[in-house]
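Please look over the sequence and the model shown below before reading on.

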Amino acid sequence: MQTSGSTAHIRSGSAHLWLAPDTPDLVWFSGPDSVRFLNDLISQEIGSMEAGDVRRSFLLSPQGKLDHILWVVQTGDKLGLVTDPGRGEQLAATLGRYRIRVDVEIAVEEQPVWLVMGEWEGIDVSWDDARRTLVVGDRPDLPDGSSTDYESARIRAGEPKWGVEAAEDTIPHETGLVPLSVDFDKGCFLGQELVARIDSRGASAPRSVRWIDLADEAEAGVELLVDGSGVGTLTSVADRLGLGLVQRKVLPGETVSVGSTTGVVREITRNPQT
């Protein structure tokens with residue numbers, strides 16, 4: 001069984017830094033029942049988290065499909081869930097429906113939230129090979145980054161984007177984030193049955209997010225072909241590296257047709273949180 005007990009920490013530092021154009025939403029949970037309440041719903045084990053810890057997680061639908069890709073923040077006084085831009089109110093409303101006979105307050109962060117690309121004083125929401133720090137309050141004295149640079153960093157990290165590589169009909173295993181986001185030893189959580197069944201059978205999702213090394217420029221949305229048959233879609237592109245939702249029958253190293261060019265499919269490797 002795969003488990004994810006690894007923990008990242010709130011941290012600070014300095015390097016070549018810039019502000020991302022997209023800012024995640026942050027929802028806070030306070031009250032004596034907060035840990036128990038969230039632990040019964042999200043896919044990550046959070047009971048052992050200490051102040052300053054950050055872990056990845058999912059919120060799934062009751063049917064086991066993806067609802068939110070999350071980071072869980074433990075401050076000691078309250079818990080935070082970091083979700084995709086513009087989805088905080090929806091997350092708060094969804095979880096609020098399960099707030100029955102528990103002492104939990106739910107509030108979307110009202111102060112400005114900034115996303116620093118690099119190490120800074122704040123909440124670590126890093127992707128593999130891409131440092132990201134969430135900052136609440138005053139704007140950091142840093143330059144604005146471009147959407148192109150941000151998208152390039154995301155693709156190099158192999159990180160799925162909500163509405164592009166991930167949506168409400170997505171099976172969690174398709175994202176490649178299950179080893180980081182699901183603790184199979186924690187007990188029940190919302191939508192557990194589908195995720196646990198796939199894991200216990202040693203099966204794979206019908207398709208998954210992969211890197212596509214492109215021989216030449218291509219546009220997102222192009223169908224991926226092998227011997228004339230569709231095997232997936234190129235979903236995101238930065239320079240000559242793309243992300244695609246690719247059928248599991250396509251092996252790493254296999255060449256696919258991508259419009260007027262070709263690409264080599266590569267598996268995305270995930271580094272454990274430290």
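Val-73 has its place in strand β5, which spans residues 66-74; helices (H or I, at least four residues) and strands (E, at least two) are DSSP runs, numbered from the N terminus. Val-73 is buried, with a relative accessible area of 0%, where buried means under 20% relative accessible area, exposed over 50% and partly exposed in between (1.4 Å probe, protein chains only). From C-alpha to C-alpha, Val-73 lies 32 Å from Pro-206, and the two are 133 residues apart in sequence.

This is a predicted model, in which local features need pLDDT of at least 70 and side-chain atom pairs count only at pLDDT 80 or more, while totals for chains, interfaces and linings use all residues. Residues are numbered from 1 along each chain as its sequence is written, and side-chain values use heavy atoms, with hydrogens and water left out. The protein chain has a mean pLDDT (the predictor's confidence in each residue, from 0 to 100) of 92, and 93% of its residues reach 70 or more. Over residues 1-14, however, the pLDDT is below 50, although this stretch has 55 contacts in the model beyond near neighbours in sequence, a contact being heavy atoms within 4.5 Å.

Strand β15 (residues 255-258) has Val-256 and Val-258 on its covered face, and Thr-255 and Ser-257 on its uncovered one. Its pairings are set out below, two strands being paired if DSSP finds at least two bridges between them.

| Strand paired with β15 | Bridges | Direction |
|---|---|---|
| β12 (residues 223-226) | 2 bridges | antiparallel |
| β16 (residues 261-266) | 4 bridges | antiparallel |

Leu-224 has Val-258 in β15 as its bridge partner, whereas Ser-257 stands opposite Thr-262 in β16. The hairpin of β15 and β16 has 2 residues between the strands, and in it Gly-259 takes a positive phi near 60°.

Leaving aside neighbours within four places in sequence, Phe-29 is in contact with residues including Phe-37, Leu-38, Leu-81, Leu-95 and Ile-106.
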